[in-house]
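Colleague: I am new to reading protein models and would like to go through one feature by feature. Could you give me the general idea each time, and then the case at hand?

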Amino acid sequence: MARTRVTTPRTGRRPLIAGNWKMHMTHLEAIGLTQKVVFSLTEQDLDVAEVVVLPPFTALRSVQTLVTGDKLAIGYGAQDLSMHDAGAYTGEISGGMLAALACAYVVVGHSERRALHGEDDDVVAAKVRAALRHDLVPILCVGEGLEVRRDQGHVVHCCTQLDAALEGLSAEQVRGTGAGAGGGLVIAYEPVWAIGTGEVATPDDAQEVCAALRSRLAERFGPETAEVVRILYGGSVKAANTAGILAGPDIDGALVGGASLDADEFAQICRIAADVG
Ligand code: PEP
């Protein structure tokens with residue numbers, strides 16, 4: 001397993017491509033997809049770009065067994081967690097349970113959770129804290145809906161979501177031990193109107209918001225922290241639009257939904273990220 005490269009000369013931040021499988025893939029299908037992705041990539045690709053899969057809870061143990069048993073150079077994590085650590089919360093999964101499966105990452109505040117499960121900024125902030133308590137790296141999603149974008153409120157909207165989610169955290173909590181290494185947070189800018197719609201943000205639109213988020217991190221936590229936090233774009237990323245999106249100097253990778261279910265397409269996105277990196 002090659003896990004030596006933690007930063008890139010381009011930005012000092014290691015590109016990260018994370019595949020959000022949403023509610024797809026049984027545990028058996030998850031094994032097949034993970035294997036196919038890894039075997040489609042070279043050691044060099046997996047060294048330069050960090051590749052992560054985010055299966056449903058029911059597939060995590062199988063993915064863990066595969067990744068650790070075969071020493072695969074791919075990371076994995078969950079799509080959500082409870083804000084609580086234990087107790088009478090039927091159906092919930094705690095950060096401790098995910099940590100026990102050696103998950104590295106957990107998505108927090110995905111727009112589908114916000115819209116379909118009523119997660120507001122307070123819930124998202126509590127989940128960020130829960131993840132950090134268990135040494136999981138939250139992939140914190142922020143993003144505006146179509147109305148807000150039409151009214152040109154997207155930058156303010158995303159920075160407000162960021163502020164709310166990071167309220168009360170220290171710079172050390174936000175940056176961890178540095179890009180591509182342990183701890184800290186990853187931010188994902190995911191315009192709601194681009195998720196699963198095929199309508200991708202233009203590279204300039206994506207860069208505008210990612211740059212604003214980095215500036216906001218700098219204001220709140222200092223430039224050293226803002227420089228190491230990775231900011232991803234998500235929303236209808238495909239191999240055909242990856243290079244354009246990743247050219248943005250503040251965009252350090254992608255959170256990929258639909259295209260991550262196709263091993264060849266996802267591997268191609270990872271290869272492009274490795275080339276850009
Ligand atoms: C997502 O679910 O985070 C996502 C970005 O989905 P898609 O790539 O399908 O738009």
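Modeller: We will begin with the whole protein and then turn to its strands and helices.

Modeller: This is a predicted model, in which local features need a pLDDT of at least 70 and side-chain atom pairs count only at pLDDT 80 or more, while totals for chains, interfaces and linings use all residues. Residues are numbered from 1 along each chain as its sequence is written, and side-chain values use heavy atoms, with hydrogens and water left out.

Colleague: How many helices and strands does the secondary structure of the protein come to?

Modeller: Helices (H or I, at least four residues) and strands (E, at least two) are DSSP runs, numbered from the N terminus. In this protein there are 13 helices and eight strands.

Colleague: What radius of gyration would a compact globule with 277 residues have, and what does the protein have?

Modeller: The radius of gyration is taken over C-alpha atoms, and the globule rule is 2.2 Å times the number of residues to the power 0.38. For 277 residues the rule gives a value near 19 Å, and the protein has 17 Å, which agrees. Along the principal axes, the C-alpha atoms fill a box of roughly 45 × 45 × 35 Å. Of the 277 residues, 55% count as buried, where buried means under 20% relative accessible area, exposed means over 50%, and partly exposed lies in between (1.4 Å probe, protein chains only).

Colleague: In what order do the eight strands close into a barrel?

Modeller: Strands of a sheet pair through backbone hydrogen bonds, either parallel or antiparallel. Two strands are said to pair if DSSP finds at least two bridges between them. Here the order is β1-β2-β3-β4-β5-β6-β7-β8, and the pairing is parallel. From one strand to the next, the twist averages 25 degrees; axes are lines fitted to C-alpha atoms, for helices over the stretch in contact, and angles run from 0 to 180 degrees between N-to-C directions.

Colleague: Which residue in β8 is the bridge partner of Ile17?

Modeller: That partner is Ala254, and the two strands concerned, β1 (residues 16-20) and β8 (residues 253-256), pair in the parallel sense over four bridges. Helix α13 lies across β1, β2 and β8, and runs at about 165 degrees to β1.

Colleague: Why is β5 described as largely enclosed by the rest of the structure?

Modeller: Six of the six residues of β5 (residues 137-142) are buried, so this strand is largely enclosed. Val137, Ile139 and Cys141 lie on one side, with Pro138, Leu140 and Val142 on the other, so that both faces are covered. Strand β4 (residues 105-108) runs parallel to β5 and is joined to β5 by four bridges, with Val107 opposite Ile139. Strand β6 (residues 186-189) also pairs with β5 in the parallel sense over four bridges, and there Val142 stands opposite Tyr189.

Colleague: Are the faces of β4 covered or uncovered?

Modeller: Both are covered, with Tyr105 and Val107 buried on one side and Val106 and Val108 buried on the other. Two bridges join β3 to β4 in a parallel run, and Ala78 has Val106 as its bridge partner.

Colleague: Turning to helices, what should the 14 residues of α1 span?

Modeller: The expected span of a helix is 1.5 Å times one less than its number of residues. For α1 (residues 27-40) that comes to 20 Å, and its end C-alpha atoms are 20 Å apart, which agrees. In α1, the residues Ala30, Leu33, Thr34, Val37 and Val38 are buried. They cover an arc of only 125 degrees around the axis, which puts them on the same side of α1; the arc is that of the directions from the helix axis to the C-beta atoms. The face turned away from this buried side carries the exposed residues Leu28 and Phe39.

Colleague: What covers the buried residues of α1?

Modeller: The cover includes α2 (43-48), β2 (50-54), α3 (57-69) and α13 (263-276). In turn, the buried residues of α3 pack against α1, β2, β3 (75-78) and α4 (95-100).

Colleague: Is Ala239 buried or exposed?

Modeller: Ala239, which lies in helix α12 (residues 239-246), is buried, with a relative accessible area of 14%. Leaving aside its neighbours within four places in sequence, Ala239 is in contact (heavy atoms within 4.5 Å) with Glu265, Gln268, Ile269 and Ile272.
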